[in-house]
Structure formats: structure tokens, C-alpha cells
Amino acid sequence: MDLIKIMETFPTQEDCIAYLERLRWQGSPECPHCESEHVRQRNEKKIGRIGRWNCHDCRTTFKVTHGTIFQGTKISLQKWFLAISLMANAKKSLSSHQLSRDLGLAQKTCWRMMMAIRAEMGKENVILQGIVEADETYIGGKRRKDYDRENSDGSAPRKRGRGTAKDAVLGAVARGGKVVAQLVENVKGSTIAEFIKNHVKTEDAELYTDQYKGYNEIGKEMQHETMNRSEKWKANGIHTNTMEGFWSFVKRAWYGSHHHYSTGYTPLYLAEACYKYNYRENNIFEKFLRESVVEVQ
């Protein structure tokens, strides 16, 4: 959903709350504490009281945002909706500084909002099947061309690829389907095998990788084909181009928008990239809001 449509559809806080109530309760509101339907909406227009309900069974009050990323927020839901839309529409992701300028909020506030949104995006457990491409990459540091240059102190350029000090990430993608990526401590065979077993239905999948020996362990348990990067690949043949295309998507976000993020937050940025890739054909804004309030129950 574009920004103009959001402003037209949700001009006030009441409109945002009403939309979330329709998504979550579908006309049958219930207490999130005791699941009772013996509830009634409070008729109060005071600041912070809009959309509050009373439960006549457990004697508590609640709002539709209970248990969601919006619970307890002092930021208007309209700005939350705009933040979600901006992130969903930003192919190369979005920096908290840019969001701060767009929404007129403090940069740290926007950073916390974005991290909450990314954490919500990362809740889905993806299982792949069919033809699955797997590959590993390394996130962080300088652009590739900068690694070939001599450092200012005269020392040799830093190492690239396996053995680098950058964060190691494993990924797998089903052709014509979804992708999953995970930060890992290493790319040993046991680590790769565990990752594939967790995210691929091995009995119904055919694994395509490069000739890195780390894939040999999982190759003993499922159908596995390897490609030789020095040879020209054929259309619809054995290659990992789909996975490599996703890596370029992740790295453009790093270089173009974020420039740096620490290892501890890498999984959240990967979650955003995977979510937007997996639902690129959907209305991500509506899907995200629907899942954020419906699946919390």
C-alpha cells in the first residue's frame, strides 16, 4: 500500500484502531486475558483511552494492540503504518535516519520501531521443497573492489570469502518459492546439515550447491547435485543463481542503506530481507498487519 492510500484510509488514530479490530476479532471481540466474549467497549475519548475495552468476567481492560508490537506505544498508529509501508516498499531497505526524516521522529525511536517490525517479520518458519539452491555468503566490511587495494598502512588487503572475519550466513531458496537465511558461527558440514534439515523437506527436495565440500555431509542424506563455477551453466540446469541473486539483494541493503550493523542484529536484517523477498508478489503491508494481530492470539 502506498503512502497516499495509507493517509487517505487511516486519517486518524480511531481509523487505525478500527482496522486492527476488524483484522483481529472479525466482529467478535474477546478478552486477550481470559478469552471471554463478555466484553464492552468503553466510551471514552481521552488521550490514550481510545479503543479500550472492559472485560466483565476477569474485570480487566484491554485494547486490540495487546500482545502486538503496538502495545504500550506512545507513537500514533498512523506513523507505525507509514513506517511499515516505507520498509515494505524499500527494495534496498531503509535506514533509521531516513525514517526519522520521513516521520518527524527521533532517530533512536525509529530504530526501535524498525527492529520491532523486523523481529515480527522473522517469526515465520519457512520449510522448502522441490529444487532448492543453497549457498553461503559473508556480510560486513568493505565493498569487494576495496579489498583488492593495499591498506593505508601498507599492509596486504584483507581476506575475502571463507576464512574472513565477516559474519557467515547460510541461505537456501526454492526455485519459484521462498528463501531462508540464517547467521551461523561457521560453514562446517555439520552446521550446513543442521541448517538444511531445519528448513528443507529433504525427502521432497533436490539440493543444488557449488562444489564446496561442506555440503557433502547433507548430500549423503538427500538428492544432491553440484555445479562447477568455472563452467557455463545452462538455463534450468544445475546452478545457484537464484540464491546469489538474493545475496546481492541483502548486500545492496548493507552498502546502500545501513553501511554497518553488528552481528547481534544481523538476524533481524536478514529476516526483513527474507520476508520482503518471500512476499514480493503480495501486499506486504496488509499481510504484515494481519499476521501481527491475528497470530498473537
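Predicted model: local features only at pLDDT ≥ 70, side-chain atom pairs only at ≥ 80, totals over all residues.
The crossing of helices α4 and α5 is right-handed, where right-handed means that the near helix is turned clockwise from the far one by less than a right angle, and left-handed that it is turned anticlockwise. Helices here (H or I, at least four residues) are DSSP runs numbered from the N terminus.

Residues are numbered from 1 along each chain as its sequence is written, and side-chain values use heavy atoms, with hydrogens and water left out.

Two packed helices are described by the angle between their axes and the distance between the axes. Axes are lines fitted to C-alpha atoms, for helices over the stretch in contact, with angles from 0 to 180 degrees between N-to-C directions.

| Pair | Axes come within | Crossing angle |
|---|---|---|
| α4 (residues 96-103) and α5 (residues 107-121) | 8 Å | roughly 110° |
| α5 and α10 (residues 284-294) | 11 Å | roughly 80° |
| α5 and α9 | 8 Å | roughly 60° |

α5 is therefore roughly perpendicular to α10, and α4 and α5 are likewise roughly perpendicular to each other. By contrast, α5 and α9 are oblique to each other; angles under 35 degrees count as roughly parallel, over 145 as roughly antiparallel, 65 to 115 as roughly perpendicular and the rest as oblique. The crossing of α5 and α9 is left-handed.

Now to the residues in contact (heavy atoms within 4.5 Å). Between α5 and α9, Trp111, Met115, Arg118, Ala119 and Met121 of α5 meet Leu268, Tyr269, Ala271, Glu272 and Tyr275 of α9. By class, this contact has 8 nonpolar, no polar and 2 charged residues. Here Ala, Val, Leu, Ile, Met, Phe, Trp, Tyr, Cys and Pro count as nonpolar, Asp, Glu, Lys and Arg as charged, and the others, Gly among them, as polar.

On the α10 side, Ile117, Glu120 and Met121 of α5 meet Phe288, Glu291 and Ser292, a contact with 3 nonpolar, 1 polar and 2 charged residues.

**The cavity**

A search of the whole structure finds 1 cavity of 30 Å³ or more. On a 1 Å grid over the protein atoms alone, a cavity is a set of points where a 1.4 Å probe fits but cannot get out, and lining residues have an atom within 4 Å of a point. About 90 Å³ of space lies in the largest cavity, a volume being the space filled by probe spheres set on the points, which are joined across faces, edges and corners. Its lining includes Lys91, Phe249, Tyr269 and Glu272, and divides into 6 nonpolar, 2 polar and 4 charged residues.

Key. Helix = DSSP H or I, 4+ residues; strand = E, 2+ residues; numbered from the N terminus. 1 Å grid on protein atoms, 1.4 Å probe; cavity = no way out; pocket = protein on both sides within 12 Å on 5 of 7 lines; lining within 4 Å.
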